[in-house]
Amino acid sequence: MIATESLSKRFPRVTALDRLSLDIGPGVTGLVGANGAGKSTMIKILLGLSPATEGRAEVLGLDVATSGPAIRERVGYMPEHDCLPPDVSATEFVVHMARMAGLPPTAARERTADTLRHVGLYEERYRPMGGYSTGMKQRVKLAQALVHDPQLVLLDEPTNGLDPVGRDDMLGLIRRVWTDFGISVLVTSHLLGELERTCDHVVVIDGGRLLRSSSTSDFTRTTTTVAVEVTDSDTHPDGTAALRAALTAAGVTLHARVEEGLPGSGHILLVEATGDETYDIVRDTVADLGLGLVRMEQRRHHIAEVFRPDATAGQPVAGPLEVQPR
Ligand SMILES: Nc1ncnc2c1ncn2[C@@H]1O[C@H](COP(=O)(O)OP(=O)(O)OP(=O)(O)O)[C@@H](O)[C@H]1O
């Protein structure tokens with residue numbers, strides 16, 4: 001879908017992209033980096049709107065340096081900033097964008113109705129956009145990127161300004177762009193965590209440089225840590241403490257840290273599993289103590305953990321825990 005080779009963009013006082021080489025396939029890909037990392041610059045180059053200083057890039061097999069218009073016919077773009085005219089309705093605006101993309105009038109109206117329904121705008125679609133909430137504006141921006149049925153959409157910070165529920169809704173919509181319509185997505189964000197649930201692949205850049213590019217499952221592969229949660233009992237009013245002591249006596253390695261469980265359900269012990277026998281020891285020990293086993297599950301890495309300075313052995317120490325705005 002997207003390939004770049006030693007792509008660089010230098011402004012007089014700053015290097016926005018520094019010899020970036022990437023190969024991005026179909027599906028949902030997250031491009032994550034702090035504000036100023038070079039995400040928007042990358043998108044503008046991929047659309048053929050801004051020339052690279054060095055290196056090359058291809059989108060859908062087309063060279064960005066020579067095929068900008070052909071790329072923009074096949075690719076949808078959702079810009080980061082508010083760019084909607086306040087006096088027109090979502091329907092008028094999206095029909096206009098569909099016409100600009102070359103759709104005939106009837107097809108433009110039909111596609112607009114379908115796309116606005118897909119992003120969850122109903123009666124409001126006839127009202128002037130000046131009165132829309134941020135969430136509604138983001139949905140219109142997504143709709144205009146999709147209306148001409150592109151093969152790929154580039155979404156620049158689509159969750160910006162949204163509350164947690166709005167973010168979840170938007171991320172769900174983005175996921176469905178790929179699963180329901182087969183349109184590949186490149187989505188930028190400065191929040192690593194939100195890409196974990198949405199993306200198949202994650203590319204992390206910092207200061208214009210590539211920190212890491214890998215599948216989300218590689219980032220979040222399972223660990224050897226098992227979370228164990230037990231109930232308390234009359235004999236053991238602190239079931240977690242009793243289990244901790246018994247497991248330690250049985251030679252099982254426990255992580256010092258505990259995780260807070262749900263109210264009334266005690267705490268969660270983090271056990272190092274050396275093999276299947278660890279599960280058997282935990283099960284038998286819980287039974288011997290007469291406690292109830294609430295859960296025993298293998299933990300997964302979160303993407304953000306991979307970037308913690310003391311990340312698990314073998315992982316690159318790639319930067320801050322959560323990429324925060326500068
Ligand atoms: N036209 C320009 N002239 C000079 N410097 C620029 C220009 N556009 C971007 N930059 C600089 O290039 C760097 C990368 O900017 P870019 O907008 O690509 O970052 P970003 O990761 O998209 O962050 P944000 O989400 O804040 O836009 C920044 O230091 C920015 O100030």
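Q: What does the domain assignment of the protein give?
A: The assignment divides the protein into domain 1 (2-219) and domain 2 (222-300); such bounds come from an automatic or database domain assignment. The centres of the two domains, taken over C-alpha atoms, are 44 Å apart. Residues are numbered from 1 along each chain as its sequence is written. The model is predicted: local features need pLDDT of at least 70, side-chain atom pairs count only at pLDDT 80 or more, and totals for chains, interfaces and linings use all residues.

Q: Why does L60 count as partly exposed?
A: A residue is buried if 20 or more other C-beta atoms lie within 10 Å of its own, exposed if 12 or fewer, and partly exposed in between, with C-beta atoms placed from the backbone. L60 has 17 C-beta neighbours inside 10 Å and therefore counts as partly exposed. This residue, although not a glycine, has a positive phi of about 50 degrees. L60 belongs to the loop between β4 (54-59) and β5 (62-63), where strands (E, at least two residues) and helices (H or I, at least four) are DSSP runs numbered from the N terminus.

Q: What makes D149 count as partly exposed?
A: Its 16 C-beta neighbours inside 10 Å place D149 in the partly exposed class. D149 is not a glycine, yet has a positive phi of about 55 degrees. The loop holding D149 runs between α5 (134-146) and β7 (152-155).

Q: What makes a set of residues a nonpolar core?
A: The set must consist of buried Ala, Val, Leu, Ile, Met, Phe, Trp, Tyr and Cys residues joined through C-beta atoms within 7 Å. The largest such core has 59 residues, and L46, V94, V153, I174 and V185 have the most contacts inside it. Apart from this core lies another, of 13 residues, including L247, I268, V271 and V282.

Q: Which residues does V153 touch?
A: Two residues are in contact if their C-beta atoms, placed from the backbone, lie within 7 Å. Not counting residues up to four places away in sequence, V153 touches V75, G76, M78, A145, L146, V177, I183 and V185.

Q: Which residues are around the ligand?
A: They are F11, V14, A16, G33, N35, G36, A37, G38, K39, S40, T41 and E157; the criterion is a C-beta atom, placed from the backbone, within 6 Å of the molecule. Helix α1 (residues 39-46) supplies the largest share of this shell, three residues.
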